[in-house]
Amino acid sequence: MKPDTSPPSPSSPLIDGPERSALRSAVAALAKRHGSDGGTTDALWAEAGKLGYLGVNLPEEYGGGGGGIAELSIVLEELGAAGCPLLMLVVSPAICGTVIARFGTDEQKRAWLPGLADGSRKMAFGITEPDAGSNSHRITTTARRAPGGGWLLTGRKVFISGVDIADATLIVGRTEDARTGRLKPCLFIVERGTPGFSYRHIPMELAAAEKQFEVVLDDVALPAEALVGDEDAGLLQLFAGLNPERIMTAAFALGMGRHALAKAVEYARARQVWKEPIGAHQAVAHPLAQAHIELELARLMMAKAAHLYDAGDDAGAGEAANMAKYAAAEAAVKAVDQAVHTLGGNGLTAEYGLAKLITAARVARIAPVSREMILNFVSHQTLGLPKSY
């Protein structure tokens, strides 16, 4: 067996502290045991749940670890750095678990949080629509009052991750304001198998264990208790899930970038064409050093975003989470590209597993929000420049 020459997990007292450093090391050890499990994540998900890593951000009284998004982002980053990221971590405990923990009824918390924490239950998240894209104000999935006090939900969603393995999907719909007649966003728990709820696989040129789906909601009858939180809270509840999503996407990208960089560094140390390994040449070494620096800078921004969110500063977290997602996506794309280039032809072989990351790395630039929309957010909200739309 070849010695492990990959860079150590970049634990820093400034970011982690003793408890988070221990969590990082423990998750890295778990991930190293699993590695890439041949396209399935079931065994890793089950063990991570058993060890308490899937629910580190959820309340202790419901079986979670009592931590925050900072801890959960560490879990995802370390899994990704070992080549086995769990995309459903972004969706199930980070988005759905957070929203239910913050705004759900006691009954909803008891029904869902323990299972989300130990991994025995999963939830998908449905917001994107065919004609809405980045403009959430154009969401047309509509919930209307049904006789008897329930709801009838109608609409379509696309690019919804893991619907086939989720016990329920947290759907972003809109209800009519009785006072103004205008539609306002609301969140509903729709369990799999509910009549009128169907889904279709969307084939993707993407190597990932979790699949993407189109979801159709055809007059789905829901009980009144399917509504999460206050019907009038609107965007507050929605962004309670979207900010963690951006932070976790940053963690996903950082893990991927670190994984690619580690492979390139190991190769550059060992590959010898002339007298010295190719890593001795600055044309090879400097781009790898630059990729490492940019990943580390993005990690700092992600840590800031997680800190602000966990401290309850939703406005500050919104800005920082967008910046972290942007920085991490850019750093990951560059790290993957440089890793492939470092290996030359070997970078495109199945043996080294880097070529598949070329497509995967771009996902972080596109989802859950494009880098252009983040630049819009920063230019408008941070710099105070006028809107163009």
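## Burial and overall form

A residue counts as buried when its relative accessible area is under 20%, and in this predicted model buried residues make up 51% of the 389 residues in the chain. The fold comprises 10 helices and eight strands. The chain is as compact as a globular protein of its length, because its radius of gyration of 21 Å is close to the 21 Å that the globule rule gives for 389 residues. Along the principal axes, the C-alpha trace extends over about 80 × 50 × 40 Å.

Among the contacts in the chain with a separation of 6 or more, 69% are accounted for by residues 24 or more positions apart.

## Surface and charge

## Glu245, a buried acidic residue

Glu245 is found in helix α6, which covers residues 235–270. Although Glu245 is buried, it has no salt bridge; the nearest side chain of opposite charge belongs to Arg246 and is 4.2 Å away, whereas a salt bridge would require a side-chain nitrogen of Lys or Arg within 4 Å of a carboxyl oxygen.

When neighbours within four places in sequence are left aside, the residues in contact with Glu245 are Val90, Ile95 and Pro368.

Note on methods. Residues numbered from 1 in each chain as written. Predicted model: local features only at pLDDT ≥ 70, side-chain atom pairs only at ≥ 80, totals over all residues. Heavy atoms only, no water. Helix = DSSP H or I, 4+ residues; strand = E, 2+ residues; numbered from the N terminus. Rg over C-alpha atoms; globule rule 2.2 N^0.38 Å. Buried < 20%, exposed > 50% of the residue type's maximum accessible area, 1.4 Å probe, protein only. Contact = heavy atoms within 4.5 Å. Lys, Arg positive; Asp, Glu negative; His and termini not counted.
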